[in-house]
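Q: I would like to learn how to read helix packing and the nonpolar core in a model like this one. Could you take me through it step by step?

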Amino acid sequence: MSAITQKRMKTIYAHSVLILASVLFLVPFIWMVSTSLKPLTQVFSFPPEFIPRPIQWENYVEATKYIPFWKYTFNTAVITILSTIGVMISCPIVAYSFAKLKWRGRNVLFVITIGVMMIPAQVTMIPLFLLFNQLGWVGTNLPLIVPAFFGVPFSIFLLRQFFKGLPDTLREAAKIDGASEWRIYWQIMFPLARPAVLAIALFQFMASWTDFLGPLIYLTNETSYTLSLGLQQFQNQQGSQWHMMMAVSTLMTLPIIILFFFMQKTFIRGITFTGIKG
Amino acid sequence: MKTGQKLTVNKKMARAPKSKRSNETLTGWLFASPWVIGLLLFFAYPLISSIYYSFTDYSIFQAGDFVGMSNYKELMTDELFWISIGNTIYFAVLFVPLSIIFGVALAMVLNMKIKGMSVYRTIFFLPTLVPHVALAILWIWLLNPEFGLINAGLEFIGIDGPAWLGSTFWSKPSLILMSLWGMGQAIIIYLAGLGDISEEYYEAADVDGASFLQKTFKITLPLLTPVIFFNLVMGFIGAFQQFTLPYTMTNGSGSPADSLTFYVMYLYDNAFNYFRMGYASAMAWILFIIIMGLTAFVFWTSKRWVHYQGD
């Protein structure tokens, strides 16, 4: 009996710690959404109130007119979708050759790939800018899309580990049946790697959707801006339009939350994978 | 005799796949070719030219002349360079240990087997999903000295809140606070680590009548050290590349009084506002050396404190 009450006490204690911490983690969110729905007069009321009175859905409409919101959303979507397709095409095939094909130079190249992951992006940032500048790509979204089609070292590494875990017998059996290497990859291995490919696609999607430094450097023309830059623009022009800034922040976060909601398992598997062996 | 025979057979068997292997070499390179090109174009070439640029006075408008070590020498006497390093170290030294303490503590609670745990876990992960620009703007608003929620909360318990981002003393702690809010990713990695610790250890400890604290310090923390180590390294690397949050929060100015000018912000300024590409390249290489040095140092100390299960 006393063991049961002790256990119950422990559960109650855990719940109270978790609820308190959850509130601390949730409140900024609720505050963002609540501010986005308030009339401007209530935004500056003190002490602050959580419930908007009245709920002003118009803030969202107003905010999307304040900056070229839909144009920026379209730009962001183009960059995000194309670069995600890029990594889905390039990374699995490279990773497959690292994991399953035996070729001269493979190990050296793989070690180099691991080494490249440790170089801070700032080191390559300036020469890349000058390179893209010479190609005439600065001001277009090409520098934010094209590199993805040539592979991302971290994603290649992650997928390689995944392919390593698939049995060799699959490949050998297909070989005996006379399948070409391309067919083995495309019809057997790639479909099997779908969960891992989905994970790296999600990472790329998030990275592109939220990227700030890349667009800041390369998108020089306001009509080609992404949401990250657009949101910053808000801050420049009359920084006091808090209700609209919160509306756009909410809109920008929403797609990621929806994606997370539907693909929670893939998300978390991908993230934990990076830390699994410490 | 028998062994000799065996050897020749083995040799034959080894030779047979050789032509196959050279065939596979072609296929292998072909399959890897996108990355080979990517590696040369987007990593090798910029890496080498970045070293070269760091010894020139390259700007977009003029081809750079070779100036030897002068960029590096100038950096040593550049006051803002040292300020930016100081700010970055301040942030790293406070944020990384705090994120480990809170992260591990939260993960341990989140690892308990009680009802509704997946809801809690989702809540702690949610802030990680907020894009950094949006996160910065949200926190400027939360930390607003007059109308912000944080100072209102402090006033509610009788504390007169500081000016946060308006104060040189509180600006960096503000940044640490908002970064701690978004550390869900680290928590998930800790959770994975906790999940890997075998139940048997705890069962054995329970038989011996160990207390909660004893179990935490003798079992959980030591066995979690590989994951803590991983988050420590990643935390330092991330802290040294801090850019989007302070840049957005200060509109690139690093104000008040450069208290939020971080290393990469100053690097960005030199490259893309003053167009001193050579000077900024030198900064990038110093950053690389700092990160490598730090990582090597953490690896070196890890032999003393990182325990692997089964060791």
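Predicted model: local features only at pLDDT ≥ 70, side-chain atom pairs only at ≥ 80, totals over all residues.

A: Residues are numbered from 1 along each chain as its sequence is written, chains are lettered from A and ligands numbered from 1 in the order in which they are written, and side-chain values use heavy atoms, with hydrogens and water left out.

Q: Which residues have the most contacts inside the largest nonpolar core?

A: In soluble globular proteins, nonpolar side chains tend to be buried together. A nonpolar core is a set of buried Ala, Val, Leu, Ile, Met, Phe, Trp, Tyr and Cys residues joined through side-chain atoms within 4.5 Å, where buried means under 20% relative accessible area, exposed over 50% and partly exposed in between (1.4 Å probe, protein chains only). Here the largest core has 180 residues, and Phe163(A), Phe124(B), Phe243(B) and Met249(B) have the most contacts inside it. Helix H3 of chain B (residues 79-110) gives the most to this core, with 13 residues; helices are DSSP runs of H or I, at least four residues, numbered from the N terminus.

Q: What is Phe243(B) in contact with, leaving aside neighbours within four places in sequence?

A: Contact means heavy atoms within 4.5 Å, and Phe243(B) makes it with Phe212(A), Leu213(A) and Leu216(A), as well as with Val264(B), Met265(B) and Tyr268(B).

Q: At what angle do the axes of H8(A) and H11(A) cross?

A: Two packed helices are described by the angle between their axes and the distance between the axes. The axes are lines fitted to C-alpha atoms over the stretch in contact, with angles from 0 to 180 degrees between N-to-C directions. For H8(A) (residues 153-164) and H11(A) (residues 194-210), the axes come within 10 Å and cross at roughly 165°, so the two helices are roughly antiparallel, a term for angles over 145 degrees. Among the residues making the contact are Phe154(A) and Leu158(A) of H8(A), with Val197(A) and Ile200(A) of H11(A).

Q: Where does Leu82(A) lie, and which residues does Leu82(A) touch beyond four places away in sequence?

A: Leu82(A) lies in helix H4 of chain A (residues 69-100) and is partly exposed, with a relative accessible area of 35%. Leu82(A) touches Ile145(A) and Phe149(A), whereas the C-alpha atoms of Leu82(A) and Met117(A), 35 residues apart along the chain, are separated by 22 Å.

Terms used
Parallel < 35°, antiparallel > 145°, perpendicular 65-115°, else oblique.
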